[in-house]
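This report describes a single predicted model, shown below.

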Amino acid sequence: MSELVVDARGHHCPVPSLRLRRALEDAAAGACIRLLATDPMARIDVPHLASSIGAEVLEIGEAEGVLSFLVQKSG
């Protein structure tokens, strides 16, 4: 499965979610987007955004202070 990476490290809320939303809007149905973020609020914002637009969070991880979210666009 190929994925598009959106790097929002170093940015604070709402930038990571806005960048993820823009990437999902531009992506084809079924596409996977990996968001990298360092803002702890992304743990709350990303799942909320995904549910509000009908996308699915497939994976949430954290390594060395960087949060990683794999989100699939519905379709």
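Buried here means under 20% relative accessible area, exposed means over 50%, and partly exposed lies in between (1.4 Å probe, protein chains only). Counted by residue, 6 of the 6 in β2 are buried. Helices (H or I, at least four residues) and strands (E, at least two) are DSSP runs, numbered from the N terminus.

β2 pairs with β1 in the parallel sense, over 6 bridges; two strands pair if DSSP finds at least two bridges between them. Within this pairing, leucine 4 stands opposite isoleucine 33 of β2.

## Basis of the model

The model is predicted: local features need pLDDT of at least 70, side-chain atom pairs count only at pLDDT 80 or more, and totals for chains, interfaces and linings use all residues. Residues are numbered from 1 along each chain as its sequence is written, and side-chain values use heavy atoms, with hydrogens and water left out.

## Nonpolar core

In soluble globular proteins, nonpolar side chains tend to be buried together. The largest nonpolar core in this model has 17 residues, and those with the most contacts inside it are Leu20, Ile33, Leu35, Val46, Phe69 and Val71. Such a core is a set of buried Ala, Val, Leu, Ile, Met, Phe, Trp, Tyr and Cys residues joined through side-chain atoms within 4.5 Å. Two or more residues come from each of β1 (3-8), α1 (15-26), β2 (32-37), α2 (42-53) and β4 (66-72). The largest share, 4 residues, is given by α2.

Beyond its neighbours within four places in sequence, valine 71 is in contact (heavy atoms within 4.5 Å) with Leu20, Leu24, Ala31, Cys32, Ile33, Val46, Ala50, Ala55, Glu56 and Val57.

Serine 68 belongs to strand β4 and is buried, at 13% relative accessible area. Leaving aside neighbours within four places in sequence, serine 68 is in contact with Arg34, Leu35, Leu36, Glu59, Ile60 and Gly61.

The side chains of serine 68 and arginine 34 make a polar contact at 2.7 Å. A polar contact is a pair of N or O atoms within 3.5 Å; within protein, one must be able to donate a hydrogen and the other to accept it, and residues adjacent in sequence count only if both atoms are side-chain atoms.

## Salt bridges

The count is 4 salt bridges, each defined as a side-chain nitrogen of Lys or Arg within 4 Å of a carboxyl oxygen of Asp or Glu. One joins glutamate 59 and arginine 34 (3.0 Å, N to O). Glutamate 59 lies in strand β3 and arginine 34 in strand β2, so this pair ties together parts that are 25 residues apart in sequence. Arginine 34 is buried at 15% relative accessibility, whereas glutamate 59 is partly exposed at 38%. Glu3, Arg34 and Glu59 are linked in a network of salt bridges.

Arginine 43 and glutamate 62 also meet in a salt bridge (2.2 Å, N to O). This pair links distant parts of the chain, with arginine 43 in helix α2 and glutamate 62 in strand β3, 19 residues apart. Aspartate 7 and arginine 9 form another, at 2.5 Å, N to O. Aspartate 7 is partly exposed at 36% relative accessibility, as is arginine 9 at 43%.

## Aspartate 39

Aspartate 39 sits in the loop between β2 and α2. It is buried yet has no salt bridge; the nearest side chain of opposite charge, arginine 43, is 9.5 Å away.

A polar atom of the aspartate 39 side chain lies 2.5 Å from the backbone nitrogen of cysteine 13. Beyond neighbours within four places in sequence, aspartate 39 is in contact with His11, His12, Cys13 and Leu67.

## Backbone exceptions

Most residues other than glycine have a negative phi, and most peptide bonds are trans. The peptide bond from cysteine 13 to proline 14 is cis, with omega near 10°; proline 14 is in the loop between β1 and α1.

Glutamate 64 is not a glycine, but has a positive phi of about 55°. Glutamate 64 is located in the loop between β3 (56-63) and β4, and is exposed at 85% relative accessible area.

Notes:
Lys, Arg positive; Asp, Glu negative; His and termini not counted.
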